Amino acid sequence: MSINSSAPARGLFIVFEGGDGAGKSTQVQRTSQWLQSAGATVLTTREPGGTQISEELRSLVLDHGHGEIDARTEALMYAAARAAHVQQVIIPALDAGTHVICDRFVDSSLAYQGVGRGLGVDAVAAINSFATGGLHPDATILLDISAQDGRSRRIANTGGIEESDRLESEPDDFHERIRMAFKELAAENPQRYLVLDATEDIEQLQSQIVTHLTGLL
Ligand code: TMP
């Protein structure tokens, strides 16, 4: 057997999770800048999204005005968007040695559709295992936030106007169940999860993320 010594080392797959309004996009950007300044090649992406079909599915599942979407259909739409994203974007990038930073991944489906919509974590995990071919993040950073704080932040970010997509429009008790689901997922997977209090200062959060990821590089 010959080993190709010129093949790049596989990139790290880093995922940010958390409730709506947790500040994931800010930390995704900062983490990308930090890795790039250290000389790494980085791809930032999001779910649902990242490919043309996945962005179309994002609009269909999140925008109001497409009629009723039942919970199973919703779960399959997220999984379909993810399948395209994994095959077309994430795996090729990781194989090329690029670090991939993704805003949400499978655990969002486990929390929102499995727990929030009541489909059950095992059923949602099964369709996602098919969608991803079993790809798991190397590190998952959970920005933990209460439903109320998340909503206040979203309103502040949109200049005081509440502009909610289909999922954000759900009541606070839905978002509290999502929060608890993420905490449980983190407790079950301590080797890959870093749990942070999203209400901490942006710089403090970033320094904890940098410390955690430095240990994996
Ligand atoms: P975002 O606003 O963080 O980009 O996420 C889009 C919304 O979709 C957010 O409310 C969470 C929800 N979502 C799910 O319900 N299941 C999923 O698998 C993903 C990725 C997101």
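Asp-144 counts as buried, at 12% relative accessibility; buried here means under 20% relative accessible area, exposed means over 50%, and partly exposed is whatever falls in between, using a 1.4 Å probe and protein chains only. This residue is found in strand 4, residues 139-144. Strands, by the way, are DSSP runs of E with at least two residues, helices are runs of H or I with at least four, and both are numbered from the N terminus. Leaving aside neighbours within four places in sequence, Asp-144 is in contact with Arg-179, Lys-183, Val-195, Leu-196, Asp-197 and Ala-198, where contact means heavy atoms within 4.5 Å. Gly-49 is another story: its C-alpha atom is separated from that of Asp-144 by 22 Å, and the two residues are 95 apart along the chain.

A word on where these values come from. The model is predicted, so to speak of a local feature takes a pLDDT of at least 70, side-chain atom pairs count only at pLDDT 80 or more, and totals for chains, interfaces and linings use all residues. Residues are numbered from 1 along each chain as its sequence is written, and side-chain values use heavy atoms, with hydrogens and water left out.

Now for the chain as a whole. The protein chain has eight helices and five strands, and from the N terminus on they run β-α-β-α-α-β-α-α-β-α-α-β-α. Its radius of gyration is 17 Å, close to the 17 Å that the globule rule gives for 217 residues, so the chain is as compact as a globular protein of that length. That radius is taken over C-alpha atoms, and the rule is 2.2 Å times the number of residues to the power 0.38. The C-alpha atoms fill a box of roughly 55 × 35 × 30 Å along the principal axes. Of the 217 residues, 46% count as buried. Looking at contacts between residues at least 6 apart in sequence, 77% join residues at least 24 apart.

As for charge, the mean positions of the 17 positive and 30 negative charges are 1 Å apart. In that count Lys and Arg are positive, Asp and Glu are negative, and His and the chain ends are not counted. Each charge is placed at NZ of Lys, CZ of Arg, CG of Asp or CD of Glu.

Two loops hold backbone details to look at. A cis peptide bond joins Glu-47 and Pro-48, with omega at about -10 degrees, and Pro-48 is found in the loop between strand 2 (42-46) and helix 2 (52-62). Arg-104 has a phi near 80 degrees, a positive value in a residue other than glycine. Its loop lies between strand 3 (99-103) and helix 4 (106-116), and Arg-104 counts as buried at 11% relative accessibility.

Next come the aromatic rings. A search of the whole structure finds three aromatic pairs. Rings of Phe, Tyr and Trp (its six-membered ring) pair if their centres lie within 6.5 Å; planes under 30 degrees apart count as stacked, over 60 as edge-to-face and the rest as tilted. The rings of Phe-13 and Phe-105 have centres 4.9 Å apart and planes at 85 degrees, so this pair is edge-to-face. The pair links distant parts of the chain, 92 residues apart: Phe-13 sits in strand 1 (residues 13-18), Phe-105 in the loop between strand 3 and helix 4. Phe-13 is buried, with a relative accessible area of 1%, and Phe-105 is buried with 2%. Elsewhere, Tyr-112, Phe-174 and Phe-182 form one aromatic cluster.

Finally, some residues in helices. Gln-87 is found in helix 3 (residues 71-95) and is partly exposed, at 46%. Beyond its neighbours within four places in sequence, Gln-87 is in contact with Pro-92, Ala-131 and Thr-132. Asp-172 is found in helix 7 (residues 172-188) and is partly exposed, with a relative accessible area of 27%. Asp-172 and Arg-151 are 21 residues apart in sequence and 8.5 Å apart in space, C-alpha to C-alpha.
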